[in-house]
Amino acid sequence: MAGGAIVSGGSGGNPLRHGFIKREYLWSFTLVTSLFFLWGFAYGLLDVLNKHFQNVLGISKLQSTLLQVAYFIFGYFVFSFVAGEVLKRRGYKFAIIMGLALYSLGAILFWPVAKSSETSSNKHAVFGGFVICTGVIACGLSTLEVSANSYVSVMPPHNVANFRLQFSQAFNGVASFAGPLIASKYFFTGANASNLTNVQWVYLAVAGMGVIIALAFFFTKLPEVSEEALQAEADALAEASGAELTTSEPFYKQTRAISGAIAQFLYVGAQVTIGSFFLNYSAENAGIADARGSQLYSYGLIVFTVCRFIGAGILSTVTAPVVLFFCAVFATVCSILIGTLHGSSGVAFLIVIMGFESIMYPVIFVLSTSGLGRHTRRASALVVAGVSGGGVFPPIQGAIADHFSTRTSYYLVVPCFAYIAVWSFYVWNKDGRKWLVGKQTEVEREIEAAAAGTIPPAHVGLHYAHDKDEKDAVEEVEKV
């Protein structure tokens with residue numbers, strides 16, 4: 001079975017016609033896709049909490065970005081490498097359950113911190129407690145991202161990995177707009193506008209959801225994937241397609257993964273920058289109240305989610321680097337307009353740009369980790385570490401906003417999208433300058449069939465088999 005060796009970027013074949021997940025792995029796929037919903041919900045709440053803490057605790061815009069620093073720098077940049085090592089040594093199931101445990105723990109800790117805000121006069125200490133809780137949640141989420149993104153990418157059939165990850169990531173978007181909708185009703189209206197009581201109840205519910213999903217994983221026999229299988233299939237597919245194979249070289253020479261991690265760093269930095277100060281932008285640039293601004297932000301996330309599903313459909317026909325290039329170009333134009341326009345028109349482009357952002361994360365992830373064989377898990381950790389861009393850019397934006405204006409601070413994202421456009425052209429050129437997706441080749445089908453064997457068990461890639469069975473199957477792939 002396919003083990004993530006996607007020589008052409010994982011965008012071949014039409015998944016709408018031929019399917020994008022094998023029946024034997026439908027439950028595993030469904031369970032892993034639920035994780036995308038979890039971190040989408042957490043991220044959707046993060047940006048509105050930023051403004052809510054400004055209002056309730058009296059902190060500055062720059063200070064409020066400590067939430068993003070804890071979330072993206074500590075949680076993603078620091079902990080994703082730990083998560084990658086755990087994944088490499090203990091496998092997907094252990095890593096996912098560990099991530100859910102950290103996620104639930106951080107959410108539960110919101111309750112005592114929120115209660116302390118009612119009695120403590122030291123508001124900065126209370127905010128510091130929330131920052132620590134956010135960091136713990138982020139450690140759990142980075143573990144889930146390293147595991148889930150990689151797991152969905154290596155599932156069979158391997159040639160539609162872009163479409164499959166795009167589909168799973170769409171549920172991330174569904175959850176992300178639920179956060180601002182909840183905030184607009186329970187955080188910013190009536191007596192709730194000046195206290196943090198409802199914050200504790202929302203996060204207790206989040207913790208409960210995490211525990212339930214962790215139990216589901218605990219009692220599920222989840223197929224695993226080995227590095228030997230990844231390498232064997234990468235070798236076989238590269239040889240069959242005549243592509244240059246670089247997986248025998250050390251990881252620091254894997255330029256595709258490293259340049260892709262930079263693209264992911266810049267993308268997430270831009271995305272978080274756009275979301276973090278949405279309410280400040282709408283209030284200062286268009287005179288919109290926070291409750292209404294939170295609603296508009298949720299509408300932007302709805303656009304983001306709908307465009308993810310639309311993007312998944314487009315990826316069934318158009319190659320991933322081409323789709324990424326045009327989205328990056330249009331996002332660059334929108335970001336210039338956001339920094340230039342005054343009034344509601346600027347807010348409108350803040351919503352529009354979210355549509356062009358929608359496909360970027362999953363496409364960059366798959367294109368960066370394609371065909372890396374034994375380097376796949378390490379590349380996954382590196383690309384997820386690129387999410388730390390979300391902790392680097394908001395403080396810079398906050399400083400610019402405090403010194404100049406929130407509107408001016410949005411020029412910060414222009415070079416980010418410009419780099420992504422250039423990188424996608426580089427990948428498109430490297431992958432043979434293909435505009436439209438092609439059918440899965442006969443050789444690819446033979447390699448995938450040899451790797452899959454009779455299911456269950458699948459011996460290469462995701463498997464339930466013992467090491468001896470797996471070794472035999474790897475040799476079978478090499479023969480093909």
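Student: In which hand, left-handed or right-handed, does α10 pass α17 in their crossing?

Tutor: Happy to walk through this one, keeping in mind that the model is predicted. The crossing in which α10 passes α17 is right-handed.

Let's build up the picture from the geometry. Two packed helices are described by the angle between their axes and the distance between the axes. Helix α10 covers residues 255-276 and helix α17 covers residues 389-403; their axes come within 7 Å and cross at roughly 45°. On the α10 side, the contact is made by F265, L266, V268, G269, V272, T273 and S276. Facing them from α17 are G389, G390, V392, F393, P394 and Q397.

An α-helix has 3.6 residues a turn, so residues three or four places apart point the same way. With that in mind, look at F265, V268 and V272, which are among the α10 residues in the contact with α17.

Now turn to the other partner of α10, helix α14 (residues 344-357). Here the packing angle is about 155°, with the axes 11 Å apart. Because angles over 145 degrees count as roughly antiparallel, α10 is roughly antiparallel to α14. This crossing is left-handed. The α10 residues that make the contact are Y267, A270, Q271 and I274, while α14 contributes L350, I353, M354 and E357. These residues divide into six nonpolar, one polar and one charged.

While we are on α14, consider S345, which is placed in that helix. At 33% relative accessibility S345 counts as partly exposed, since the value lies between the cut-offs of 20% and 50%. S345 and A286 are 59 residues apart in sequence, yet their C-alpha atoms are 8.6 Å apart in space.

Q169 lies in helix α7 (residues 161-186). Its relative accessible area is 2%, which is why Q169 is buried. Setting aside residues up to four places away in sequence, Q169 touches F36, W39, N149, R308, Y361 and P362. F53, in helix α2 (residues 26-57), counts as buried because its relative accessibility is 0%. Beyond its neighbours within four places in sequence, F53 is in contact with G58, I59, L67, F127, F130 and L196. The C-alpha atoms of F53 and Q63, 10 residues apart along the chain, are separated by 9.8 Å.

Helix α5 (residues 92-116) gives you a check on helix geometry: its 25 residues reach 37 Å from first C-alpha to last, close to the 36 Å expected at 1.5 Å a residue. Its buried residues include Y92, A95, I96, G99, L100 and Y103.

Finally, a backbone detail. R433 sits in the loop between α19 (414-430) and α20 (442-452). R433 counts as exposed because its relative accessibility is 52%. Its phi is near 55°, a positive value in a residue other than glycine.

Notes. Residues are numbered from 1 along each chain as its sequence is written. This is a predicted model: local features need pLDDT of at least 70, side-chain atom pairs count only at pLDDT 80 or more; totals for chains, interfaces and linings use all residues. Side-chain values use heavy atoms; hydrogens and water are left out. Helices (H or I, at least four residues) and strands (E, at least two) are DSSP runs, numbered from the N terminus. Buried means under 20% relative accessible area, exposed over 50%, partly exposed in between (1.4 Å probe, protein chains only). Axes are lines fitted to C-alpha atoms, for helices over the stretch in contact, and angles run from 0 to 180 degrees between N-to-C directions. A crossing is left-handed if the near helix is turned anticlockwise from the far one by less than a right angle, and right-handed if clockwise. Contact means heavy atoms within 4.5 Å. The expected span of a helix is 1.5 Å times one less than its number of residues. Angles under 35 degrees count as roughly parallel, over 145 as roughly antiparallel, 65 to 115 as roughly perpendicular and the rest as oblique. Ala, Val, Leu, Ile, Met, Phe, Trp, Tyr, Cys and Pro count as nonpolar, Asp, Glu, Lys and Arg as charged, and the others, Gly among them, as polar.
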